[in-house]
Amino acid sequence: MKQNVKITLCGITVALSVVFMLLSYFPYFTYAVPAMAALLTMMLVIEINVKWAFAAYVAASVLVFVFSEPESKLMYICLFGYYPIAKALIERVNKPVIEWVLKLAVFNAAVSLIYAVFAKMFGISIDDFNTLGKYGAYIFLVFANAVFVLYDITVSRLSGTYMYRIHPKLQKLLKI
């Protein structure tokens with residue numbers, strides 16, 4: 001792929017990521033929007049490579065940090081924005097058990113970081129989870145991990161659909 005095509009594709013992807021992240025100001029889009037914006041990073045991993053996708057993620061993260069809603073910007077910067085890149089690298093291991101352990105470790109580290117930042121910024125404490133009982137935080141984390149597994153499976157299936165339906169058309173359009 002030519003250098004100028006790569007730059008253009010990354011620029012368009014960064015711009016679309018930022019526009020998607022602006023939708024996070026609407027109620028109930030706080031978690032869905034960063035997860036959807038990550039699919040654009042997935043496209044770069046497929047079309048170009050991990051290095052270019054990471055460069056686009058960094059550029060998008062800077063702009064998202066400036067323009068986006070606080071909670072969703074943390075979700076994008078600390079987890080969803082780079083997850084398709086991490087997923088591609090982790091899946092090179094080609095051993096499902098190790099892959100899942102690594103993916104869940106990345107997710108739980110990101111969730112811990114996000115919680116720590118929220119706790120510092122907004123004064124949230126672990127006691128806020130006590131509405132679910134004594135083990136509320138752990139119950140929340142178990143459900144969050146289950147949703148993450150579903151998200152990972154969805155990203156895998158969407159990347160397969162992308163390769164089958166969109167990739168050939170994009171290849172023709174870009175004349176690669």
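Let me start with how helices are named: helices are DSSP runs of H or I with at least four residues, numbered from the N terminus. Axes are lines fitted to C-alpha atoms over the stretch in contact, and angles run from 0 to 180 degrees between N-to-C directions.

Two quick notes on the source. This is a predicted model, in which local features need pLDDT of at least 70 and side-chain atom pairs count only at pLDDT 80 or more, while totals for chains, interfaces and linings use all residues. Residues are numbered from 1 along each chain as its sequence is written, and side-chain values use heavy atoms, with hydrogens and water left out.

Now, helix 2. It spans residues 32-47, and its axis lies 8 Å from that of helix 5, residues 83-90. The angle between them is about 45°.

Who touches whom? From helix 2 come A38, T41, M42 and V45; from helix 5 come P84, I85 and A88. Contact here means heavy atoms within 4.5 Å. By class, that is six nonpolar residues, one polar and no charged. Nonpolar covers Ala, Val, Leu, Ile, Met, Phe, Trp, Tyr, Cys and Pro; charged covers Asp, Glu, Lys and Arg; the others, Gly among them, are polar.

Stay on A88 for a moment. Setting aside neighbours within four places in sequence, A88 is in contact with V45 and V50.

Next, helix 1, residues 3-22. The axes of helix 1 and helix 2 come within 9 Å and cross at roughly 170°. So helix 1 is roughly antiparallel to helix 2, a label for angles over 145 degrees. Among the residues making this contact are L9, L16 and F20 of helix 1, and V33, L40 and L44 of helix 2. The classes here are eleven nonpolar, three polar and one charged.

On to salt bridges. The rule is a side-chain nitrogen of Lys or Arg within 4 Å of a carboxyl oxygen of Asp or Glu. The count comes to four. One of them pairs K87 with D152, with the closest N and O atoms 3.0 Å apart. K87 sits in helix 5 and D152 in helix 7, 65 residues apart, so this pair links distant parts of the chain.

Methods:
Helix = DSSP H or I, 4+ residues; strand = E, 2+ residues; numbered from the N terminus. Parallel < 35°, antiparallel > 145°, perpendicular 65-115°, else oblique.
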